[in-house]
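Student: Could you show me how to read the packing of secondary structure elements from a set of coordinates, taking one feature after another?

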Amino acid sequence: MKPLVIIKVGDTFPALADTIGDFEHWIARGLCETELPLQVIDPRHGAPLPAPADIAGAIVTGSHAMVSDRAPWSERLAVWLRDAMAQEVPLLGICYGHQLLAHALGGEVDYHPQGIEIGSVRVTRTEAATADPLFARLPEEFAAHVIHRQSVRRLPPDAVLLAGNGFEPHHAFRIGETTWGVQFHPEFDHHAMGGYIDHLADDLAHAGTDVPALKAQLAYTRCAADVLREFGKFSARRLA
């Protein structure tokens, strides 16, 4: 059976990785219901990307890197993503992956003018999401974990906006029938989100953020996590 590929483009903080695993492990746990075999590829260190026709789909992880830095490995991955989309391979970009998809497909990515969005936030579906394969079963408003300084400032042409909030209007989009980007983190649980807040606590406090309040607002995000499960099911159905 063709694998569902996790394209690893970043690493979490070592202290978190030692206790709860890294991005690819969180994604794999979120895909626990999929029948597809999983394969992890790290293009940052020269690992070749698969032929799109040889995989069931691909998920691009988050990263502490910035899309606007245009790292050579990232730009090569952007070319691959365009090719995979053209072949209608199911694609899901998370945070950095979401931004890289937007960049690859003609959108604009840059630092958010209001700085960092972090913690458990409320995200609202658009009307278009009611008929979307990944978002249709989600409630109109749901909690999601977020951590990002850059965002999609302009969506690619023909993108369908699926979700947003007052801080980040472009929290999710779809292009065509098989390509999605989500700025929020469906793979994060409250332990991962809390770990990020703890790691960045001094910087956040220095910037005027009420860190104890941020920790107190941590939420369980089952609905946001459903995006991963639905993507796994969608990718499997495409092979049937």
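Student: Which residues of H3 meet which residues of H4?

Tutor: In this predicted model, the H3 side of the contact consists of Trp-73, Ser-74, Glu-75, Leu-77, Ala-78, Leu-81 and Arg-82, and they meet Tyr-96, Leu-100, Leu-101, His-103 and Ala-104 of H4. Sorted by class, the contact of H3 with H4 holds 8 nonpolar, 2 polar and 2 charged residues. As a general idea, an α-helix has 3.6 residues a turn, so residues three or four places apart point the same way.

Student: At what angle do H3 and H4 pack, and how far apart are their axes?

Tutor: In general, a pair of packed helices is described by the angle between the two axes and by the distance between them. Here helix H3, residues 72–86, and helix H4, residues 96–104, pack at an angle of about 70°, and their axes are 9 Å apart. Since angles of 65 to 115 degrees count as roughly perpendicular, H3 is therefore roughly perpendicular to H4. The crossing of H3 and H4 is right-handed.

Student: Is H4 largely enclosed or open, and why?

Tutor: The cut-off needed for this step is that a residue is buried under 20% relative accessible area. In H4, 9 of the 9 residues are buried, so the helix is largely enclosed by the rest of the structure. Among the buried residues of H4 are Gly-97, His-98, Gln-99 and Ala-102, while Gly-106, which follows H4, has a positive phi near 105°.

Student: How many strands does the open sheet have, and in what order do they come?

Tutor: Strands of a sheet pair through backbone hydrogen bonds, and the pairing is either parallel or antiparallel. This open sheet has 9 strands with mixed pairing, in the order S2-S1-S3-S4-S11-S10-S9-S6-S7. Its edge strands are S2, residues 38–41, and S7, each of which pairs on one side only. Averaged over the sheet and with direction ignored, neighbouring strands are turned by 25° against each other. Helix H2, residues 23–30, packs on the sheet and touches S1, S2, S3 and S4, and its direction makes about 150° with that of S1.

Student: Which strands does S6 join, and through how many bridges?

Tutor: S6 is joined by 8 bridges to strand S7, residues 141–148, and these two run antiparallel; within this pairing, Ile-118 stands opposite Ile-147. To strand S9, residues 160–164, S6 is joined by 2 bridges, again with the strands antiparallel. On that side the bridge partner of Thr-124 is Gly-164, and Arg-125 stands opposite Ala-163.

Student: How many residues of S6 are buried?

Tutor: For strand S6, residues 117–125, the count is 7 of the 9 residues, so this strand is largely enclosed by the rest of the structure.

How values were computed. Residues are numbered from 1 along each chain as its sequence is written. This is a predicted model: local features need pLDDT of at least 70, side-chain atom pairs count only at pLDDT 80 or more; totals for chains, interfaces and linings use all residues. Side-chain values use heavy atoms; hydrogens and water are left out. Buried means under 20% relative accessible area, exposed over 50%, partly exposed in between (1.4 Å probe, protein chains only). Helices (H or I, at least four residues) and strands (E, at least two) are DSSP runs, numbered from the N terminus. Two strands pair if DSSP finds at least two bridges between them. Axes are lines fitted to C-alpha atoms, for helices over the stretch in contact, and angles run from 0 to 180 degrees between N-to-C directions. Angles under 35 degrees count as roughly parallel, over 145 as roughly antiparallel, 65 to 115 as roughly perpendicular and the rest as oblique. A crossing is left-handed if the near helix is turned anticlockwise from the far one by less than a right angle, and right-handed if clockwise. Contact means heavy atoms within 4.5 Å. Ala, Val, Leu, Ile, Met, Phe, Trp, Tyr, Cys and Pro count as nonpolar, Asp, Glu, Lys and Arg as charged, and the others, Gly among them, as polar.
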